Amino acid sequence: MLSTAIGFVAVAAITSLSSRVPADSVFELRAAVTPTPPVIDGAVGEEEWQGAATAGSFIQYEPRRGSPSLVRTEALVMYDVGHLFVAFRVWDPEAPAAQLTRRDADLLSDDAVILILDSLLSDDAVILILDSHNDHRSAYYFMTNALGTQTDGRVANDGRTVDATWDASWQSASRSTEFGWTVEMAIPFTSIKYRAGDDQTWGVNFGRSRRRTLEVSFWAGPLENQFRVSQGGSLAGLNVPPPLRRHQIITYGLTRVQQHAPDDWDLGGDVRYALTPGISAYGTVNPDFATIEADQEQINLTRFELSLREKRPFFLEGAELFRQRIRTFYSRRIPDITGGAQVLGKQGAWSIAALGARSEPLGDSTVGTFAVGRVQRDVFGSSNIAFTVTAQLVQSWGEFDTGTWAYFIRPAYDSPTGHFHVRYTHLGDRFADNANAIGFIRDDDRRELDAAIERTFWVRSSVVERTQYDSNYNIYWGQNGTLRSWKIDQSVGIEFHNRLSVEADYTEEFKRFEADFRNREIGVEVGYNTREFQSASAGFQFGRNFDSDFRLWTASGGYKVTPELSVEYELQQLTLDPDPEGESTWIHVVRANQFFTKDLYLRVFFQTNSAIDRRNLQAVFVYRYRPPFGTLQLAFQRGTAEFGQRSQQGNTFFLKATGVF
């Protein structure tokens with residue numbers, strides 16, 4: 001039997017009237033060529049960095065936007081035929097807060113969107129933001145801390161979309177000094193897409209976070225948000241050829257021994273080829289079936305599907321292009337793919353993304369074919385304020401011919417201490433039925449109006465350091481004019497100088513399903529030292545949810561047992577009264593990481609969910625001989641299951657090898 005599942009959507013490009021502020025000549029560097037590449041060991045020697053362009057006099061993003069940074073930072077830049085080299089000299093009278101040692105650990109959280117360098121940075125760190133197309137809209141970022149821990153990602157829509165899942169091969173090293181610490185980076189041109197040629201100009205910015213004082217500063221600014229690419233500086237005079245090497249091949253081999261099941265083995269691989277410096281083609285056969293950490297169990301008090309994070313490398317390329325308000329592509333819809341191909345890149349003002357994949361979700365002759373594409377053109381207006389207008393228009397085709405349109409329009413204002421938007425969204429009453437073959441539409445049949453206000457107040461008193469206020473309002477009607485829902489969210493958070501923090505939340509909502517429901521939620525959370533990894537927090541929420549009273553206790557914490565061993569714990573305990581479907585539960589999650597070096601480590605993940613009798617354990621021993629892709633892994637799993645399902649799988653051992661060519 002052959003079945004084909006193809007989702008079709010036509011997506012109009014997001015158009016923004018952006019806050020493009022022309023770069024001041026003060027924020028322009030002239031690129032310097034080095035005849036001898038520096039040794040990436042963290043020691044910024046005068047001789048090996050002689051002649052490098054230097055950026056200094058960093059400007060605060062917060063707490064005092066536009067004021068000079070209270071500590072000195074310098075960034076040095078040079079390049080050769082194959083790499084961009086960047087070094088940082090970071091002055092600090094105190095030892096840096098650097099605890100994270102795993103690549104892409106928690107320098108950024110999973111929810112990194114706009115305020116990444118604010119509350120989500122848990123270490124002192126430096127960051128390079130590189131607009132290699134000089135489109136003032138998209139960029140790569142490369143971040144590291146005083147231990148040399150790396151994290152990277154991509155930025156789109158002038159900082160409104162940030163994809164922290166992207167991985168690239170690059171080098172970095174850090175070193176302590178008498179005046180503070182230093183960093184060296186080497187970014188291969190083969191790891192990025194860029195505008196090639198003589199006398200090129202790329203956009204660039206350099207940043208620094210100092211967690212102790214909550215200061216975030218940048219070289220070019222003042223910025224309206226941390227990733228506002230259009231307000232960065234420039235690196236001029238680059239003579240950059242096309243990449244010296246156009247291809248990359250990653251192969252995978254896996255053996256699996258499972259209790260009460262036959263032994264198994266598998267092979268697969270990914271291929272990347274740079275058609276131009278800015279456009280690449282990707283192919284995959286039986287893509288990375290690596291031991292992937294199970295999806296973490298979550299409490300869901302809504303009646304809608306939860307979105308799960310993608311972890312397969314093939315789908316992470318270009319993921320930022322599909323992170324839209326109306327989500328027309330959700331790669332988790334495509335299970336067990338046997339092969340696929342995609343083309344991604346940028347040419348001038350145009351960005352393209354086209355992907356096709358073949359799936360055998362049932363492991364037999366049933367076949368699904370999935371395809372998705374997107375074209376976006378950047379349009380800029382001129383403004384000296386942080387005002388943007390974002391819009392999206394989608395037409396879907398499928399089983400239904402009516403109710404197939406969706407669109408939204410969203411004026412917004414952003415500043416370092418505030419955000420405001422108003423948005424109108426239209427979702428046809430059959431849009432989800434058509435689009436969800438490949439999309440993620442929780443609920444359609446909407447004419448929706450929402451607004452949000454966020455504001456940070458830097459108090460700087462003897463007791464309080466800052467206060468944050470969030471307010472969100474939402475209401476929507478069905479296409480026939482029936483009121484279906486309204487919701488009000490209020491939140492106030494206070495950070496004290498003694499490392500304590502308190503947050504209070506209130507939610508009131510109306511929902512119309514088989515009956516009318518009034519839901520209410522009141523919550524408070526107290527945290528200690530939440531600016532850093534070693535922290536603890538506890539919260540309590542109570543209220544009414546779909547004719548049941550509920551109480552939800554939460555707790556979390558992180559602790560460094562030794563400099564190489566870290567442990568994290570999360571708890572959620574939900575009680576419903578009445579509870580006709582037995583949804584009251586205890587969820588425990590434990591993570592532990594033991595690092596022998598930054599490329600040789602053991603990771604352990606354990607979680608339980610009492611409502612579905614789930615007890616899931618995973619342990620992975622990893623050696624990265626060519627990070628981030630070249631690895632050897634030995635893993636043990638017990639009770640692995642799909643999200644929200646009972647653990648039934650027996651003990652399983654994996655041995656996996658990945659080669660990079």
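Q: Buried or exposed: how should I class Ser57?
A: The class is read from relative accessible area, where buried means under 20%, exposed over 50% and partly exposed in between (1.4 Å probe, protein chains only). Ser57 is exposed, because its relative accessible area is 68%. Please keep in mind that this is a predicted model, in which local features need pLDDT of at least 70 and side-chain atom pairs count only at pLDDT 80 or more, whereas totals for chains, interfaces and linings use all residues. Residues are numbered from 1 along each chain as its sequence is written, and side-chain values use heavy atoms, with hydrogens and water left out.

Q: Where does Ser57 lie, and what is its phi near?
A: Helices (H or I, at least four residues) and strands (E, at least two) are DSSP runs, numbered from the N terminus. Ser57 lies in the loop between strand 3 (53–55) and strand 4. As background, most residues other than glycine have a negative phi, and most peptide bonds are trans. Phi of Ser57 is near 55°, a positive value although the residue is not a glycine. Asp199 also has a positive phi, of about 55°, and is not a glycine either; Asp199 lies in strand 13 (residues 197–210) and counts as exposed, because its relative accessibility is 54%.

Q: Buried or exposed: which is Asp443, and with which side chains does it make polar contacts?
A: Asp443 is buried, because its relative accessible area is 13%. It is found in the loop between helix 2 (431–435) and strand 25 (446–458). Its side chain is joined to that of Arg446 by a polar contact of 3.2 Å and to that of Arg484 by one of 3.0 Å. Leaving aside neighbours within four places in sequence, Asp443 is in contact with Phe304, Leu427, Tyr476 and Arg484.

Q: How many residues apart in sequence are Asp263 and Thr652, and how far apart are they in space?
A: Separation in sequence and distance in space are read as two separate numbers: Asp263 and Thr652 are 389 residues apart in sequence and 9.8 Å apart in space, C-alpha to C-alpha. Asp263 is found in the loop between strand 16 (247–258) and strand 17 (264–276), and, leaving aside its neighbours within four places in sequence, it is in contact with Arg256, Val257 and Gln258. For the chain, residues 24 or more positions apart account for 60% of the contacts with a separation of 6 or more.

Q: How many helices and strands are in the chain, and what share of its residues counts as buried?
A: There are two helices and 37 strands, and 53% of the 661 residues count as buried. Accessible areas come from the Shrake-Rupley method with a 1.4 Å probe, and for residues only the protein chains shown count as cover. The chain exposes about 28,500 Å², of which carbon and sulfur atoms supply 56%.

Definitions and conventions. Contact = heavy atoms within 4.5 Å. Polar contact = N/O pair within 3.5 Å; in protein donor to acceptor, adjacent residues only side chain to side chain.
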